[in-house]
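Please examine the sequence and the three-dimensional structure shown here.

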Amino acid sequence: MSLCGRILLGLSAATAATFAVSPVVLAAPKASKSIAVHVEGPNADAIREDILSIVPKTLEVVEPAAFSKALKGAGQTKPVGDAVVMKALRKKPLDRIRKAGKTVKAEGVIYGVSRTNKKKKKEVYLVYVDENAGDLAVDGAVPLGGSDDDRQKALEDLLGPTLAQIAPPPADEKKDGGGDGEGEGEDGEGEGEGEDGGDGDGEEKAEGEKDDGGPARKRNDVRSALFSVELGVEFVGRWFDYSDPLSQNLRPYNVFGQPALSVSGELYPLAGTNIAVLKGLGITAGYARALGLNSAVGDGDPLSTTYQRINLGLRERLTLGESTVLGISAGVRFVTFEIDAPEELAATVPNVDYTIFRAGLDARIPAGPVALALGADYLMPLSSGPVYDRFTGASVQGIGATAGVLIPVAKGIEARLLVEYARFFSSFQPELTDDYAAGGATDQYLGIRLAGAYIY
């Protein structure tokens with residue numbers, strides 16, 4: 001019995017010592033915290049993404065659909081609008097927002113209203129609503145004009161202190177080193193170095209977060225996309241005609257509605273950095289080819305015809321105002337339109353093989369739930385092909401234009417309806433001895449494209 005008593009006494013002492021020495025190990029982990037982020041008004045989704053980019057990683061974010069449902073359940077079935085700004089009118093909507101936050105078990109709610117203020121300036125007015133009914137921790141506006149960096153800094157200045165206060169600290173990922181006393185000893189040996197030789201702060205960079213402290217690149221945002229890819233079906237047309245024809249061996253040409261496949265893309269290798277100019281510099285490429293195209297002279301036999309277009313270039317992407325994107329581009333375009341005609345016709349068909357220097361401007365302009373695409377190009381042929389070689393003193397220039405509608409379908413995916421037009425106009429200097437004589441010619445191309453695009 002005395003032996004058993006000593007064993008029980010020893011076990012009791014060891015257990016007590018374990019609890020006394022290691023209270024941290026046995027303590028329950030802190031519960032995670034979450035917030036809701038809701039923005040209403042023009043460009044609400046883009047503004048919400050801006051806010052989410054500064055939310056600490058240790059804070060969870062409530063699903064937008066869940067909070068919207070809770071908000072309706074709380075009685076707020078219409079947009080809050082300017083009531084969130086006017087203190088005399090805000091009590092009821094704030095109570096409903098507070099109730100919705102409790103329903104989704106959020107620590108608090110960042111609620112924003114995108115609007116035009118009395119000074120005709122666009123802004124987003126933000127409040128932070130938690131369970132406390134007193135003064136709001138966040139109650140102010142962020143201008144939506146200016147650059148992306150200016151807007152991001154204004155959001156951080158307004159929301160950052162509150163977010164930092166409610167966010168749980170990051171989990172300590174340091175190991176204890178097997179209990180050999182190394183690490184955070186009295187002399188601090190080993191402090192500040194992790195296993196990978198880094199700074200040992202136990203935090204990983206969020207996707208797109210930059211070491212220089214700039215704002216993170218937002219995925220699926222055309223203003224900061226790393227790349228985009230477009231695949232479409234195009235219905236093409238061509239009209240070639242002579243002006244002031246002087247000889248009888250000049251054949252005009254026209255075709256319209258011929259289907260073609262097209263694929264294009266843009267790549268911005270430095271989009272995730274904060275390097276001026278270079279972060280918006282991208283590589284562009286595109287290819288289109290007509291399917292099963294044939295040509296004929298009158299009721300003659302069909303002649304196999306090749307039409308293809310290749311684009312290669314560089315594009316500088318700039319953001320203007322709130323969300324308009326401007327592109328400045330330059331590059332080369334190769335256009336081939338070749339009719340496989342027999343020898344007796346080969347000298348009369350308008351075959352071309354353009355090598356073109358292209359410089360242009362394009363813009364993407366939000367218009368409600370969609371965006372408008374507009375563009376203009378200057379086209380300078382460096383070489384033009386067989387049809388122009390027949391004429392004396394041929395000089396060729398060109399212009400191009402693009403217009404269309406871009407319709408969001410899902411996050412990062414959009415449908416596109418685009419119309420592209422190119423016109424080449426030439427002048428000749430005919431002589432009396434020329435076999436082919438005309439004052440000039442026009443060569444026009446039209447493409448109507450239905451496409452889907454993915455933006456990353």
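A salt bridge is a side-chain nitrogen of Lys or Arg within 4 Å of a carboxyl oxygen of Asp or Glu. The structure is a predicted model, in which local features need pLDDT of at least 70 and side-chain atom pairs count only at pLDDT 80 or more, whereas totals for chains, interfaces and linings use all residues. Residues are numbered from 1 along each chain as its sequence is written, and side-chain values use heavy atoms, with hydrogens and water left out.

The structure holds 23 salt bridges. Glu230, Glu234, Arg309, Arg364, Glu414, Arg416, Glu420 and Arg449 are linked by such bridges in a network. Within it, the side chains of arginine 449 and glutamate 420 meet in a salt bridge (3.1 Å, N to O). Arginine 449 lies in strand E16 (residues 438-455) and glutamate 420 in strand E15 (residues 413-427), so this pair ties together parts that are 29 residues apart in sequence. Helices (H or I, at least four residues) and strands (E, at least two) are DSSP runs, numbered from the N terminus. Arginine 449 is buried, with a relative accessible area of 7%, while glutamate 420 is partly exposed at 22%. Here buried means under 20% relative accessible area, exposed over 50%, and partly exposed in between (1.4 Å probe, protein chains only).

Another salt bridge joins aspartate 362 to arginine 315, with the closest N and O atoms 2.8 Å apart. Aspartate 362 belongs to strand E12 (residues 352-367) and arginine 315 to strand E10 (residues 303-320), so the pair ties together parts that are 47 residues apart in sequence. Aspartate 362 is partly exposed, its relative accessible area being 22%; arginine 315 is buried, with a value of 9%.

What distance separates the end C-alpha atoms of helix H6? They are 26 Å apart, which agrees with the 27 Å that its 19 residues (148-166) should span at 1.5 Å a residue; the expected span is 1.5 Å times one less than the number of residues. A kink of about 50° lies at leucine 159 in H6, shortly before proline 161. Such a bend is the angle between axes fitted to the seven residues ending at a residue and the seven starting there. The buried residues of H6 are Arg151, Gln152, Leu155, Leu159, Thr162, Leu163 and Ile166. Their packing partners include helix H3 (44-52), strand E1 (33-40) and strand E5 (139-143).

Aspartate 340 is found in the loop between strand E11 (324-339) and helix H7 (343-346), and is exposed, with a relative accessible area of 56%. Leaving aside its neighbours within four places in sequence, aspartate 340 is in contact (heavy atoms within 4.5 Å) with Leu303 and Ser304. The C-alpha atoms of aspartate 340 and asparagine 294, 46 residues apart along the chain, are separated by 9.2 Å.

Isoleucine 283, in strand E8 (residues 281-290), is partly exposed, with a relative accessible area of 46%. Together with residues including Leu267, Val277 and Leu314, isoleucine 283 makes a nonpolar surface patch of about 640 Å².

Technical notes:
Patches are made of residues with over 30% relative accessible area and no salt bridge: like charges are joined within 9 Å, nonpolar side chains (Val, Leu, Ile, Met, Phe, Trp, Tyr) within 5 Å. Accessible areas come from the Shrake-Rupley method with a 1.4 Å probe; for residues, only the protein chains shown count as cover.
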